[in-house]
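Subject: Structure handover

Hi,

Here is the structure I promised to pass on to you. My notes on what I found follow below it.

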Amino acid sequence: MSDKKPSVASSGVKRPAGQAASASLSASLSLAGQGQNQLAAEQVRLLEAIQSAGSISGAAKQMGVSYKTAWDRVDSMNNLAAKPLVERSAGGSQGGGTRLTSFGQQLVQGFRAMESEHKAYLQRLGNKVNSLEDVAGFVQLGTIKTSARNQYRGVVTSVEPGAVNAALTLAISDTQQIHVIVTETSRREMQLEPGRVVIALVKSSSVMLSTSPQMMISARNRLQGTILRINIGAVNSEVAIDIGGSKTILAVITNDSVQAMGLGVGNEVCAFFKASSVILLAD
């Protein structure tokens, strides 16, 4: 947890003149590492619900969200985490379930410990500032929001500079890597060198699926996996694929394609996307 930075967000609540600042000063705790992926109290609550319920459905009920929303949040956390936080277990005498990994348990415990320290810090801070505006003046919380459904924390493992473009390889888990093409100018400005931690974004509409991993295609990224869920819409379907290492990838394809390919939960598929379809974020 030593590489995490606590961020304070002012509540924006006003107080009457003369009232002690500590009486109304409040904030929430979120953590951001080198890749700037955020871990907030709401995510920790979901992890705790999974721990107590032993299943995604039970955790979703506790959180008051849909089963799909709970899975989406779990997939997102696993994709952005350095190590798996949640693991699925299938079969056995009591059927399948979901549980936290030892790393997930450690993260929850660490977050709650830091949250306790954070509350004590706010209490001390509230005794020293004159108003909430003072807090807002020296503390700012910035977040990045994106419409890309696939987000991965990655570490640059290799770089091939070029006259115009550069080819990079990112490790997103112990077993999976993705290839990225960026301009050489962007590579230099973002200081993309081996060891650099970045966030890789891939739009779900850029992901193509095939039931044949031997299919000849120019896309450099080929991630083999098993279909976890298919959410069917009016025209398109969202397909969630387990690519190993507790990582998933989402693809949006037409309903006609789902039927024509005979896709179903448990099917083996290969997800393809171009190296140029990956967008990188770095602090």
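First, a term: a residue is called buried when its relative accessible area is under 20%, exposed when over 50%, and partly exposed in between, using a 1.4 Å probe and protein chains only. This is a predicted model, in which local features need pLDDT of at least 70, side-chain atom pairs count only at pLDDT 80 or more, and totals for chains, interfaces and linings use all residues. Residues are numbered from 1 along each chain as its sequence is written, and side-chain values use heavy atoms, with hydrogens and water left out.

Two loop residues

Gln 176 lies in the loop that links strand E7 (165-171) to strand E8 (177-183). Helices (H or I, at least four residues) and strands (E, at least two) are DSSP runs, numbered from the N terminus. Is Gln 176 buried or exposed? With a relative accessible area of 13%, Gln 176 is buried. Beyond its neighbours within four places in sequence, Gln 176 is in contact (heavy atoms within 4.5 Å) with Leu 170, Ala 171, Leu 223, Gln 224 and Ile 243.

Ser 204 sits in the loop between strand E9 (197-202) and E10, and counts as buried at 9% relative accessibility. Leaving out residues up to four places away in sequence, Ser 204 touches Arg 149, Asn 150, Leu 250, Ala 251 and Val 252. The C-alpha atoms of Ser 204 and Val 252 are separated by 5.5 Å, although these residues are 48 residues apart along the chain.

The sheet

Five strands make up an open antiparallel sheet, in the order E10-E14-E11-E12-E13; two strands pair if DSSP finds at least two bridges between them. E10 (208-210) and E13 (247-254) are at the edges with a single partner strand each, so one side of each has no neighbour in the sheet. From one strand to the next the twist averages 45°. Axes here are lines fitted to C-alpha atoms (for helices, over the stretch in contact), and angles run from 0 to 180 degrees between N-to-C directions.

Within the sheet, E11 (residues 221-232) and E12 (residues 236-244) pair in the antiparallel sense over six bridges, and Ile 227 stands opposite Ile 241 in E12. Helix H3 (residues 67-80) packs on the sheet, where it touches E11, E12 and E13, and its direction makes about 125° with that of E13.

The helices

How do H1 (residues 41-53) and H2 (residues 56-63) meet, and at what angle do they cross? Their axes come within 8 Å and cross at roughly 130°. H1 and H2 are therefore oblique to each other; under 35 degrees counts as roughly parallel, over 145 as roughly antiparallel, 65 to 115 as roughly perpendicular and the rest as oblique. Residues making this contact include Leu 46, Ala 49 and Ile 50 of H1 and Ile 56, Ala 59 and Met 63 of H2.

H1 and H3 pack with their axes 11 Å apart, at an angle of about 105°, which makes H1 roughly perpendicular to H3. Here Glu 42, Gln 43, Leu 46, Leu 47 and Ile 50 in H1 meet Ala 70, Arg 73, Val 74 and Met 77 in H3.

In H2, Ile 56, Gly 58, Ala 59, Ala 60 and Met 63 are buried. The buried residues of H2 pack against H1, H3 and strand E5 (97-100). After H2 comes Gly 64, which has a positive phi near 75°.

Best wishes
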